[in-house]
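Trainee: Could you take a close look at the salt bridges in this one for me, and then at what sits around them?

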Amino acid sequence: MSQEILASCTANSFWPSRKTETWQYTSVKKLSETKWNLANGEASEDFSFTANFPHGIFYGNNSLKLDLPKGVLFKPWSDSNKAPKIINTGRGTDAFDDISSSEIAMGGQLTFTKDYSETSTFCIEYFCGQEDHLQAPYFKIIIEPLAKVNIAEVFRGSEKTVTVRRLGMDIKTAANVNYQQVLCTEGYSFARAEFNLEKDACLTTAEISTSGEWARVENIFNTLGEGTVINTNGVVKANGYSHCDWRSTVRHRVPNGYSRQSYRYLINDKSTGVFSGKIIIDKKAQKIDSGMINKNLLLSKYAKVYTK
């Protein structure tokens with residue numbers, strides 16, 4: 001398994017290229033030529049429960065024993081439980097699509113039922129502690145009807161490490177989710193997530209990036225039922241020679257929906273920030289209240305921001 005993961009992740013098609021980076025292109029040739037090892041990790045104790053994935057094995061609170069909180073179910077990927085593909089966003093091919101087979105996917109399917117009563121945060125953590133290490137976790141998260149869940153994803157890593165994370169989240173009828181995504185790695189991060197909201201579902205996100213060598217994050221939000229509420233908020237802080245590329249797309253497929261996107265950048269030294277936001281409203285999706293804002297502060301004469 002480990003060798004299959006490594007071979008698939010280090011294939012040439014794994015890395016973004018001029019073909020897959022349709023707008024602001026950044027060469028990652030040096031990454032593709034590096035020999036990577038699978039990541040080691042250790043779980044944080046800052047949250048009520050932390051799921052950690054060294055070597056693709058599930059750890060709960062630093063223990064191999066799978067003792068999840070009440071109302072949470074976990075099923076790892078296997079031949080009988082294959083990792084599903086993320087829905088095509090209409091933006092063309094993407095480097096992440098090459099990492100879709102169950103043979104290379106770490107992680108699995110997490111289900112939160114309405115019996116989950118924890119008020120503190122359930123944390124999913126990706127940690128690379130050694131140079132020249134790589135990990136590629138993939139989660140499918142299902143929030144069942146009426147469930148109320150606080151979820152955090154934390155990326156931690158030292159220099160010269162790579163984390164490639166894919167996430168699919170289905171938020172069922174009248175469920176309420178507070179989602180946090182924190183990138184505090186010093187290495188390279190590729191993250192893609194797709195959120196599907198059913199009738200009367202509510203999603204609030206807080207996304208934070210604190211520098212690192214290179215980061216690209218793409219979030220897609222789909223409304224599949226009426227009465228959905230989406231509030232996305234992001235803060236990016238970059239210094240040194242960092243490159244932070246954030247992409248956010250909200251697609252209203254049905255009537256009577258609400259969404260707000262708010263992203264703010266603080267760019268210092270010779271760093272580069274990129275923001276690409278999009279709102280798509282289908283023809284049949286009437287009575288939509290949707291808005292987006294991006295504000296940026298350049299803290300040096302060499303700092304750059306590209307936004308659209």
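**Salt bridges and their surroundings**

Mentor: Let's start with Asp245 and Arg247, whose side chains meet in a salt bridge at 3.3 Å, N to O. The term stands for a side-chain nitrogen of Lys or Arg within 4 Å of a carboxyl oxygen of Asp or Glu. Both Asp245 and Arg247 are buried, that is, under 20% relative accessible area; exposed is over 50%, and partly exposed is in between (1.4 Å probe, protein chains only).

A word on the source: this is a predicted model, where local features need pLDDT of at least 70 and side-chain atom pairs count only at pLDDT 80 or more, while totals for chains, interfaces and linings use all residues. Residues are numbered from 1 along each chain as its sequence is written, and side-chain values use heavy atoms, with hydrogens and water left out.

Back to the pairs. Asp289 forms a salt bridge with Arg260, and their closest N and O atoms are 2.9 Å apart. Asp289 belongs to strand 19 and Arg260 to strand 17 (residues 257-267), so this pair ties together parts 29 residues apart in sequence. Strands here are DSSP runs of E, at least two residues, numbered from the N terminus. Asp289 is partly exposed, with a relative accessible area of 37%, and Arg260 counts as partly exposed at 29%.

Next comes Asp170 with Lys140, a salt bridge of 3.1 Å, N to O. Asp170 lies in strand 10 (residues 161-171) and Lys140 in strand 8 (residues 137-143), so the link joins parts that are 30 residues apart in sequence. Asp170 is buried at 15% relative accessibility, and Lys140 is buried at 16%. The structure holds six salt bridges, these pairs among them.

Now for the nonpolar side. A nonpolar core is a set of buried Ala, Val, Leu, Ile, Met, Phe, Trp, Tyr and Cys residues joined through side-chain atoms within 4.5 Å. The largest one has 43 residues, and Phe112, Ile141, Ile143 and Met169 touch the most other members. Strand 12 (residues 188-197) supplies the largest share of this core, four residues. A second, separate core has seven residues, including Leu134, Ala136, Val164 and Trp214.

Setting aside neighbours within four places in sequence, Phe112 is in contact (heavy atoms within 4.5 Å) with a list of residues including Phe122, Ile141, Ile143 and Glu144.
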